[in-house]
Amino acid sequence: MDFFDEKILELRDKARKEKFSNLETGMYIKNEKVEFERMFLFEDKMSILLPTILVDMPSNLVRLKYLSELRPQIIKTTLDTTVNFTFSKYDLDLEETQVKDAAKQSQKMLKQLNPAYIFYELEEKKLETTTISWFDFKSYAMDAQMYNMMYVTCIDKKLVHGNFNCLYQDMIEWKEAVNQVISSIEDCTRKKG
């Protein structure tokens, strides 16, 4: 392939990513168009836009991938299990003003348990029906480096903890989509209308 062919392909990919750049239009991730749909979790108290390519992780894989008995309550994964979204809701009271402190506490615990992890941002955002605080970090699996985005939010005045992870090499492909996904969270118990 010569220089001009490569440039044409590069421009076509750029135009496609600009056209499909949000959860409503779908997004191109690793050269595939990923569609998103609203999912309802925790007895329909929480909703979130998730990629339609996700399936529930089979229980035999859950036990292999999440060794601790304190594994997430809901695990959505791609068929090759390289991209995961997890969710857990705890019977712990949480006010929106406490969300950032809860995220900081989670980050602090992870740092103590795994000093080799590399932490990046810790942010907070007010959504329409709740507040969310998240941080991202690089972790290590048996045979790969992983990119993680962990978040905390308040749903029905209870603590909800979530995580996204993918192969570190795919971080740039997924990061914008994940930011939009976690920003799509709704506390259905407070939804207007």
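1. Does Asp-156 count as buried, partly exposed or exposed at its relative accessibility? In this predicted model, Asp-156 counts as partly exposed, because its relative accessibility is 28%, a value between the cut-offs of 20% for buried and 50% for exposed. The residue is placed in the loop between strand 11 and strand 12, and its phi is near 55 degrees, which is a positive value in a residue other than glycine.

2. Lys-157 also has its place in the loop between strand 11 and strand 12, and it has a positive phi of about 65 degrees although it is not a glycine. With a relative accessibility of 53%, Lys-157 counts as exposed. As background to both residues, most residues other than glycine have a negative phi.

3. Turning to the chain as a whole, there are four helices and 13 strands. The radius of gyration is 18 Å, close to the 16 Å that the globule rule gives for 193 residues, so the chain is as compact as a globular protein of that length. Along its principal axes the C-alpha trace spans about 60 × 45 × 30 Å. Buried residues make up 45% of the 193 residues, and, of the contacts between residues at least 6 apart in sequence, 51% join residues at least 24 apart.

4. The largest nonpolar core has 33 residues, and the members that touch the most others are Met-46, Ile-48, Phe-85, Phe-87, Tyr-151, Phe-164 and Ile-185. Two or more residues are given to this core by each of strand 2 (26-29), strand 4 (36-41), strand 5 (46-51), strand 8 (84-93), strand 10 (131-140), strand 11 (145-155), strand 12 (158-167) and helix 4 (171-183). Helix 4 supplies the largest share, which is six residues. In soluble globular proteins, nonpolar side chains tend to be buried together.

5. A search of the whole structure for aromatic pairs finds six. In one of them, the rings of Phe-85 and Phe-164 have their centres 4.9 Å apart and their planes at 55 degrees, so the pair is tilted. This pair links distant parts of the chain, with Phe-85 in strand 8 and Phe-164 in strand 12, 79 residues apart. Both Phe-85 and Phe-164 are buried, and both are among the residues that touch the most other members of the largest nonpolar core.

6. The rings of Phe-119 and Phe-135 have their centres 6.1 Å apart and their planes at 45 degrees, so this pair is tilted. Phe-119 lies in strand 9 and Phe-135 in strand 10, 16 residues apart, and the pair links distant parts of the chain. Phe-119 and Phe-135 are both buried, and together with Tyr-117 and Phe-137 they form one aromatic cluster.

7. Two lysines are placed over aromatic rings. Lys-111 lies over the face of Phe-119, at 5.4 Å from the ring centre, while the charged end of Lys-138 sits over the ring of Tyr-168, 4.5 Å from its centre.

8. Which residue lies in the loop between strand 9 and strand 10? Thr-130 has this position, strand 9 being residues 118-126, and Thr-130 is buried, because its relative accessible area is 0%. A polar atom of the Thr-130 side chain lies 2.7 Å from the backbone oxygen of Cys-154. Leaving aside neighbours within four places in sequence, Thr-130 is in contact with Glu-96, Lys-125, Thr-153, Cys-154, Ile-185, Asp-187 and Arg-190.

9. Val-99 lies in helix 3, which covers residues 99-113, and Val-99 counts as buried because its relative accessibility is 0%. The C-alpha atoms of Val-99 and Asn-179, which are 80 residues apart along the chain, are separated by 17 Å.

Technical notes
Residues are numbered from 1 along each chain as its sequence is written. This is a predicted model: local features need pLDDT of at least 70, side-chain atom pairs count only at pLDDT 80 or more; totals for chains, interfaces and linings use all residues. Side-chain values use heavy atoms; hydrogens and water are left out. A nonpolar core is a set of buried Ala, Val, Leu, Ile, Met, Phe, Trp, Tyr and Cys residues joined through side-chain atoms within 4.5 Å. Buried means under 20% relative accessible area, exposed over 50%, partly exposed in between (1.4 Å probe, protein chains only). A polar contact is a pair of N or O atoms within 3.5 Å; within protein, one must be able to donate a hydrogen and the other to accept it, and residues adjacent in sequence count only if both atoms are side-chain atoms. Contact means heavy atoms within 4.5 Å. Rings of Phe, Tyr and Trp (its six-membered ring) pair if their centres lie within 6.5 Å; planes under 30 degrees apart count as stacked, over 60 as edge-to-face and the rest as tilted. A charge sits over a ring if NZ of Lys or CZ of Arg is within 6 Å of the ring centre and within 35 degrees of the ring normal. The radius of gyration is taken over C-alpha atoms; the globule rule is 2.2 Å times the number of residues to the power 0.38.
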